[in-house]
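Biologist: Could you take me through this model, please? I am new to it.

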Amino acid sequence: MSLKKQRFISPDVAEYPPGHWSNCIRVGDQIWLSGFTSRANDLKTIQGEGSAYEQAKVIFQKIKSCLEAAGSGLEDVVNMTIFVVNMADNKEIWRARQEFFTGDFPCSTLVQVSSLAQGDIKLEIQAVAMAGSGTKA
């Protein structure tokens, strides 16, 4: 097992230009994912605009794609931090989460913030996974 820091890129998730941040870093079996929003691959268009449920589905798909690029999967997610602009959106976010996760759900923190990077972004999610820790459903 290598403890060297490795960056993984999913062909389905846009990376920001060099010098900003990495979407997915793996060290050994630990995988860290940057906060994702529902920005499309043009890095401008907001997918699911106006719907926390639709934006959450876009974000969970991005998390899944990055984890798969790093040799892991959603079943290995152990922790998530979800930032929302409106706490009332939590039920829609949980509804979307139940479409992507099964079994023992990851530990999770939900935090209301005054704003995110763009006014039409309703939520941002970051995650940590431990490769090989989960079992596929």
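**A first tour**

Modeller: Leu-43 sits in the loop that runs between β3 and α1; helices (H or I, at least four residues) and strands (E, at least two) are DSSP runs, numbered from the N terminus. This is a predicted model, in which local features need pLDDT of at least 70, side-chain atom pairs count only at pLDDT 80 or more, and totals for chains, interfaces and linings use all residues. Residues are numbered from 1 along each chain as its sequence is written, and side-chain values use heavy atoms, with hydrogens and water left out.

Biologist: What is the phi of Leu-43?

Modeller: Phi of Leu-43 is near 65°, a positive value in a residue other than glycine.

Biologist: And how exposed is Leu-43?

Modeller: Leu-43 is partly exposed, at 25% relative accessible area; buried means under 20%, exposed over 50%, and partly exposed in between (1.4 Å probe, protein chains only).

Biologist: Now the sheet: in what order do the strands come?

Modeller: The open sheet has six strands in the order β1-β2-β3-β6-β4-β5, with mixed pairing; two strands pair if DSSP finds at least two bridges between them. At the edges are β1 (5-7) and β5 (107-112), each pairing on one side only.

Biologist: How many bridges join β4 and β5?

Modeller: Six bridges, in the parallel sense, link β4 (residues 77-84) with β5. Thr-81 has Thr-109 in β5 as its bridge partner.

Biologist: Where is Lys-4, and what does it contact?

Modeller: Lys-4 lies in the segment before β1. Beyond its neighbours within four places in sequence, Lys-4 contacts Arg-26 and Val-27, where contact means heavy atoms within 4.5 Å.

Biologist: Is Lys-4 buried or exposed?

Modeller: Lys-4 counts as exposed, at 61% relative accessibility.
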